[in-house]
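Have the sequence and the 3D view side by side as you read.

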Amino acid sequence: MSKVTTANAGQESQKLKVNSRSGFSLIEIVLYSIILGMVIMLFSGIMTSIAKISARQNSLVEINYQLNFAHQTIQRLIKDGQPISIPASGGFANQLSFQDQNGNNLVIRINETNQIVLCTNNDCNRPLTSSTVTVNTLNFTNNNKIIKINIGINDKLLNKSIESVVLSN
């Protein structure tokens, strides 16, 4: 009988060795899959947030660039030019007409595609803003030869406006 018991003990020992080399159990694989899924979801959420923040920052940079370029160009043109048609004192207008130093008639206004354009002698092919942004406000207010400029620009993500004062000649 002791031989049979020893033989059974040897077989059980071999079964344990076989079972210990068989790899991961189904429960372990499921747990690892769940943990890996959570890590991937967390990582993708972080990446999505970073992409949104990056898009918002790029949008802000573009709006600021467009706004400052248009604003500075208009200020320079007003300072260098002779106003022809400015709004009556206390009033405001959506366009400004004047002559530059060479005697060309200039008009600054918003065109059909919501861009600020500079028209020279009725030729309006010089945009001051690009098609990547939309101009929703362009007002000129006159207060005793002090022209106040109000420009509002937006794109798909952000709205921004700027207001300044220019002393005309």
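The torsion about the S-S bond of cysteine 119 and cysteine 124 is about 110°, so the disulfide is right-handed. A disulfide here is a pair of cysteine sulfur atoms within 2.5 Å, and cysteine 119 and cysteine 124 have their sulfurs 1.9 Å apart. By this rule the count comes to one disulfide. Buried means under 20% relative accessible area, exposed means over 50%, and partly exposed lies in between, with a 1.4 Å probe and protein chains only.

Before going further, a word on where these values come from. This is a predicted model, in which local features need pLDDT of at least 70 and side-chain atom pairs count only at pLDDT 80 or more, while totals for chains, interfaces and linings use all residues. Residues are numbered from 1 along each chain as its sequence is written, and side-chain values use heavy atoms, with hydrogens and water left out.

Now step back to the whole chain. Its secondary structure comes to two helices and nine strands, and from the N terminus on the elements run α-α-β-β-β-β-β-β-β-β-β. Helices (H or I, at least four residues) and strands (E, at least two) are DSSP runs, numbered from the N terminus. Of the 169 residues in the chain, 25% are buried.

Back at the disulfide, look at the strands around it. S5 (116-120) and S6 (residues 123-127) pair in the antiparallel sense over three bridges; two strands pair if DSSP finds at least two bridges between them. Valine 117 stands opposite proline 127 in S6. The hairpin of S5 and S6 has two residues between the strands, and asparagine 121 there takes a positive phi near 50°.

Asparagine 114 is found in the loop between S4 and S5, and its phi is near 60°, a positive value in a residue other than glycine. At 32% relative accessibility, asparagine 114 counts as partly exposed.

A second hairpin is formed by S3 and S4, with five residues between them, and glycine 103 in the turn has a positive phi of about 85°. S3 and S4 pair in the antiparallel sense over four bridges, and serine 97 stands opposite valine 107 in S4.

What holds the most contacts inside the largest nonpolar core? That core has 22 residues, and those with the most contacts inside it are Ile74, Ile108, Ile116, Leu138, Phe140, Ile151 and Ile153. A nonpolar core is a set of buried Ala, Val, Leu, Ile, Met, Phe, Trp, Tyr and Cys residues joined through side-chain atoms within 4.5 Å. The elements that give two or more residues to this core are H2 (26-80), S3 (96-99), S4 (105-110), S5 (116-120), S7 (134-143) and S8 (146-154). H2 gives the largest share, six residues. Isoleucine 116 shows how these parts meet: leaving out residues up to four places away in sequence, its contacts (heavy atoms within 4.5 Å) include Ala70, Ile74, Ile108, Leu138 and Ile151.

Among the buried residues of H2 are Ser59, Ile63, Leu67, Ala70, Ile74 and Ile78. An α-helix has 3.6 residues a turn, so residues three or four places apart point the same way.

Finally, turn to the rings. A search of the whole structure finds two aromatic pairs. Rings of Phe, Tyr and Trp (its six-membered ring) pair if their centres lie within 6.5 Å; planes under 30 degrees apart count as stacked, over 60 as edge-to-face and the rest as tilted. Phenylalanine 24 and tyrosine 32 have ring centres 5.7 Å apart and planes at 85°, so this pair is edge-to-face. Tyrosine 65 and phenylalanine 69 have ring centres 6.4 Å apart and planes at 15°, so this pair is stacked. Being four residues apart in H2, tyrosine 65 and phenylalanine 69 are separated by about one helical turn.
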